[in-house]
Amino acid sequence: MKLPRLSICCSILVSAVFLIAGARVAVTQKLPESTMGPSVALKMSVGGSDAVSDESCRSCHKAEFTEFGKTSHAHMQSGNKAAITCETCHGSGKAHSDAEEAAHGDDKKTAVADKLIFSFHGTAKENADRCLTCHISSKQQAMFGHSEHAAEGVSCNSCHATHLVNEIKDQSKGTLNTAQAHFFQVPQLADETRWLHESLLKAQQPNLCYTCHGTVQAQFALPAHHRVPEGVMKCTDCHNPHGTANQANLLQPVTETCTHCHVEKRGPFVYEHPAATVETCVACHNPHGTTNRMLLVRREGRQLCLQCHTGIHTEAAVPHSRFSFQTSGECVRCHVTIHGSDFDVNFLR
């Protein structure tokens with residue numbers, strides 16, 4: 001007798017859950033767009049009688065439609081239907097489509113029709129909000145709203161292209177190539193192949209970053225530099241362009257970013273070098289490039305050391321006279337474990 005009673009209770013509970021869910025859907029459909037998040041408002045704006053098929057878009061925008069069909073966006077499915085269509089990003093296209101048909105080739109009417117759909121010519125925030133409707137679950141994009149790029153008016157479509165059609169490079173002014181980039185090269189992919197496999201970036205790194213960061217480009221042209229111009233490293237190996245809580249939008253704090261590759265400098269050491277622990281690696285090194293060996297910020301290593309060790313020839317119990325640096329040479333001649341030591345507090349041999 002207990003089993004039928006349990007079945008009846010389960011049936012009532014399931015029915016109640018469906019009734020609550022149905023009520024929530026009904027309430028959500030009645031809410032105006034201004035009271036909902038951008039993702040809900042965007043999805044509702046492309047439904048019902050205002051929606052047009054992708055085939056209608058293809059009739060005029062064939063090149064864009066073809067390129068979009070090659071991306072991962074086009075292959076996302078929701079049941080038996082495509083999860084992302086043209087209207088997912090551009091909004092309802094019915095008014096635009098009807099106006100284009102009514103224009104009959106008239107330039108003025110066509111120009112008016114072009115304004116009846118979102119074409120990513122808005123403000124940086126408006127453009128970015130369209131992408132962030134979906135791209136909000138990844139840690140890589142979570143802090144974009146607080147990033148320096150967002151503050152400077154850089155939006156997603158400044159670097160990424162959903163369909164690589166009009167991204168033709170202007171070669172009229174030539175390109176700035178460094179000699180180092182020709183000494184050691186890795187194979188280059190075709191532009192479309194690279195675009196599909198590198199987060200839909202308009203151009204390859206670091207050339208895309210150089211369009212704004214010209215100072216960094218000049219540093220990478222110096223004799224001592226990380227192998228970024230040669231294509232062995234990318235800017236995103238160290239930086240997250242969407243923003244982080246670290247200095248210079250680094251993926252990790254400065255020391256952790258450097259020791260990800262330079263593992264022998266990681267530590268922890270019994271005797272740490274204060275410059276490395278307090279001011280981090282950039283106290284002595286310029287990671288982009290310099291004219292000095294080891295990416296040092298000063299040409300002579302001893303002059304770099306004396307920026308901090310200013311009283312070394314006057315302090316008691318220090319075995320250096322005032323003029324002993326010339327005979328001893330570089331500081332690291334004796335203090336060889338300058339990044340840290342497990343045996344000697346003075347980083348000696």
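These legends accompany a set of close-up views of one predicted model. Residues are numbered from 1 along each chain as its sequence is written, and side-chain values use heavy atoms, with hydrogens and water left out. Because this is a predicted model, local features need pLDDT of at least 70 and side-chain atom pairs count only at pLDDT 80 or more, while totals for chains, interfaces and linings use all residues.

**View 1. The whole chain, for orientation.**
The chain holds 18 helices and six strands; helices (H or I, at least four residues) and strands (E, at least two) are DSSP runs, numbered from the N terminus. Of the 349 residues, 24% are buried. Here buried means under 20% relative accessible area, exposed over 50%, and partly exposed in between (1.4 Å probe, protein chains only). A contact means heavy atoms within 4.5 Å. Taking contacts between residues at least 6 apart in sequence, 56% join residues at least 24 apart.

**View 2. Helices H6 and H7 side by side.**
Helix H6 (residues 94–103) and helix H7 (residues 107–114) have axes that come within 9 Å and cross at roughly 180°. H6 is therefore roughly antiparallel to H7. On the H6 side the contact is made by His96, Ala99, Glu100, Ala102 and Ala103, and on the H7 side by Lys109, Thr110, Ala113 and Asp114. These residues divide into four nonpolar, two polar and three charged. For the geometry, axes are lines fitted to C-alpha atoms, for helices over the stretch in contact, and angles run from 0 to 180 degrees between N-to-C directions. Angles under 35 degrees count as roughly parallel, over 145 as roughly antiparallel, 65 to 115 as roughly perpendicular and the rest as oblique. For the residue classes, Ala, Val, Leu, Ile, Met, Phe, Trp, Tyr, Cys and Pro count as nonpolar, Asp, Glu, Lys and Arg as charged, and the others, Gly among them, as polar.

Alanine 103 belongs to helix H6 and is buried, because its relative accessible area is 5%. Leaving aside neighbours within four places in sequence, alanine 103 is in contact with Lys109 and Thr110.

**View 3. Serine 341 in strand S6.**
Serine 341 sits in strand S6 (residues 340–341), and its relative accessibility of 4% is why it counts as buried. Its side chain reaches the backbone nitrogen of aspartate 344 at 3.1 Å. Apart from neighbours within four places in sequence, serine 341 is in contact with Phe269, Val270, Tyr271 and Phe347.

**View 4. The loop between H12 and H13.**
Glutamate 198 lies in the loop between helix H12 (191–197) and helix H13 (207–210) and is partly exposed, at 22% relative accessibility. Not counting residues up to four places away in sequence, glutamate 198 touches Gln204 and Gln205. Histidine 160 is 38 residues away along the chain, and its C-alpha is separated from that of glutamate 198 by 9.6 Å. Serine 199 is in this loop too; it is exposed, with a relative accessible area of 54%, and its phi is near 55°, a positive value in a residue other than glycine. Proline 206 is also placed in the loop between H12 and H13, and a cis peptide bond with omega of about 0° joins glutamine 205 to it. Such spots deserve a second look, because most residues other than glycine have a negative phi, and most peptide bonds are trans.

Alanine 248, in the loop between strand S3 (224–225) and H15, has a positive phi of about 55° although it is not a glycine. Its relative accessible area of 45% makes alanine 248 partly exposed. Proline 268 is in the loop between helix H15 (254–259) and strand S4 (271–272), and the peptide bond from glycine 267 to proline 268 is cis, with omega near 5°.

**View 5. Cysteines without a disulfide.**
How many disulfides are there? The count comes to zero, where a disulfide is a pair of cysteine sulfur atoms within 2.5 Å. The sulfur closest to that of cysteine 258 is in cysteine 281, at 3.8 Å, too far for a bond. For cysteine 134 the closest is in cysteine 89, at 7.0 Å, again too far for a bond. Cysteine 258 is partly exposed at 25% relative accessible area, and cysteine 134 is partly exposed at 48%.

Key: Polar contact = N/O pair within 3.5 Å; in protein donor to acceptor, adjacent residues only side chain to side chain.
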